[in-house]
Amino acid sequence: MLHEQEKAGKIIAELTVYFLMLGAKKVTSSVILEETFGRITFEADYPPEKEDKLKELECLKQQRDNGIEEIYWELAGVGSHGDSSQLLLIGTMIDRAEISVEAGMVRLSLYKDY
């Protein structure tokens with residue numbers, strides 16, 4: 001379970017840096033660890049001129065890859081900050097992503113089965 005907690009921390013750190021680099025002024029997150037899954041909720045504002053950049057968040061919806069996750073999860077947050085390749089890595093680490101983009105606000109719910 002320790003690795004799962006570390007992975008959740010890396011995911012939150014990477015998303016926080018991503019949105020701060022985008023120009024967010026308010027970023028909030030939470031982690032809920034259940035018996036069989038974990039849920040990370042994330043909310044950030046963004047400048048209107050950066051809305052096109054939010055299309056990169058679709059990377060979070062790719063299929064989880066346990067092999068890639070086990071090899072590379074420790075690299076989350078290590079690459080170029082704000083780079084979409086980090087979002088791709090997060091996408092391989094989670095089972096499901098719900099993304100809601102409204103005027104000036106993004107809300108994410110990321111689910112990870114154990």
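Let me begin with a definition: a residue is called buried under 20% relative accessible area, exposed over 50%, and partly exposed in between, with a 1.4 Å probe and protein chains only. By that definition, buried residues make up 37% of the 114 residues in the protein chain.

The model before you is predicted: local features need pLDDT of at least 70, side-chain atom pairs count only at pLDDT 80 or more, and totals for chains, interfaces and linings use all residues. Residues are numbered from 1 along each chain as its sequence is written, and side-chain values use heavy atoms, with hydrogens and water left out.

I turn to the fold. The protein chain has 3 helices and 4 strands, where helices (H or I, at least four residues) and strands (E, at least two) are DSSP runs numbered from the N terminus. Their order from the N terminus is α-β-β-α-α-β-β.

Next, the salt bridges, each defined as a side-chain nitrogen of Lys or Arg within 4 Å of a carboxyl oxygen of Asp or Glu. The structure holds 6 of them. One joins Asp95 to Arg64, with the closest N and O atoms 2.7 Å apart. Asp95 lies in the loop between helix 3 (84-93) and strand 3 (96-102), and Arg64 in the loop between strand 2 and helix 2, so this pair ties together parts that are 31 residues apart in sequence. Asp95 counts as partly exposed because its relative accessibility is 35%.

The loop between strand 2 and helix 2 (66-72) also holds Lys53. Lys53 forms a salt bridge with Glu56, the closest N and O atoms being 2.9 Å apart. With a relative accessible area of 34%, Lys53 is partly exposed. Elsewhere, Glu43, Glu102 and Arg107 are linked in a network of salt bridges.

Where is empty space left? Rolling a probe the size of a water molecule over the atoms shows this. A cavity is a set of points, on a 1 Å grid over the protein atoms alone, where a 1.4 Å probe fits but cannot get out; lining residues have an atom within 4 Å of a point. The search finds 1 cavity of 30 Å³ or more. The largest cavity has a volume of about 50 Å³, a volume being the space filled by probe spheres set on the points, which are joined across faces, edges and corners. Its lining includes Val31, Leu33 and Tyr114. Strand 2 gives the largest share of that lining, 3 residues.

Finally, Tyr114 is found in the segment after strand 4 (105-113), and is partly exposed at 37% relative accessibility. Thank you.

Key: 1 Å grid on protein atoms, 1.4 Å probe; cavity = no way out; pocket = protein on both sides within 12 Å on 5 of 7 lines; lining within 4 Å.
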